[in-house]
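Q: I'm new to this one. Can you walk me through it?

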Amino acid sequence: MEFSKKMLVLHITLSVLLCIATVAGTLMGRDVTALGALAGASLLTDGAWGGFYYWKSKNENRAKYAQKFLIRFADKYGADIAVRLAEIVLKD
């Protein structure tokens, strides 16, 4: 498992545990204001990690598909045409 996926799983696990601790503390009648704020900040961090991970995956997939286009079409149509086709198809 790559580093970014491990960090995403770690952050999500931490957020779930913080949310459970906040709910449990609230049900026991404790003051969990700081813990609730920490849980909220952790959820925001999860969003940032998730966005980074999906952005990274999208770019890795685009590079992989561009290589496949080059391998498949370069011999038949030439490298220039294969590169142009990959740019058109994989354009953001």
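A: Here is a short tour, from the whole chain down to one residue.

A: This is a predicted model, where local features need pLDDT of at least 70, side-chain atom pairs count only at pLDDT 80 or more, and totals for chains, interfaces and linings use all residues. Residues are numbered from 1 along each chain as its sequence is written, and side-chain values use heavy atoms, leaving out hydrogens and water.

Q: How many helices and strands does the protein chain have?
A: The protein chain has 3 helices and 0 strands. Helices are DSSP runs of H or I, at least four residues; strands are runs of E, at least two.

Q: What does the C-alpha trace span?
A: About 70 × 25 × 15 Å along the principal axes of the protein chain.

Q: How much of the chain is buried?
A: Buried residues make up 22% of the 92 residues. Buried means under 20% relative accessible area, with a 1.4 Å probe and protein chains only.

Q: On to helix 1. Which residues are buried there?
A: Ser-4, Met-7, Leu-8, His-11, Ser-15, Leu-18, Thr-22 and Gly-25.

Q: And what do they pack against?
A: The buried residues of helix 1 pack against helix 2, residues 33-77.

Q: Why does Thr-22 count as buried?
A: Because its relative accessibility is 14%.

Q: What is Thr-22 in contact with?
A: Leaving aside neighbours within four places in sequence, Thr-22 is in contact with Val-32, Leu-35, Gly-36 and Ala-39. Contact means heavy atoms within 4.5 Å.

Q: What follows helix 1?
A: Gly-29, whose phi is positive, near 85°.

Key. Buried means under 20% relative accessible area, exposed over 50%, partly exposed in between (1.4 Å probe, protein chains only).
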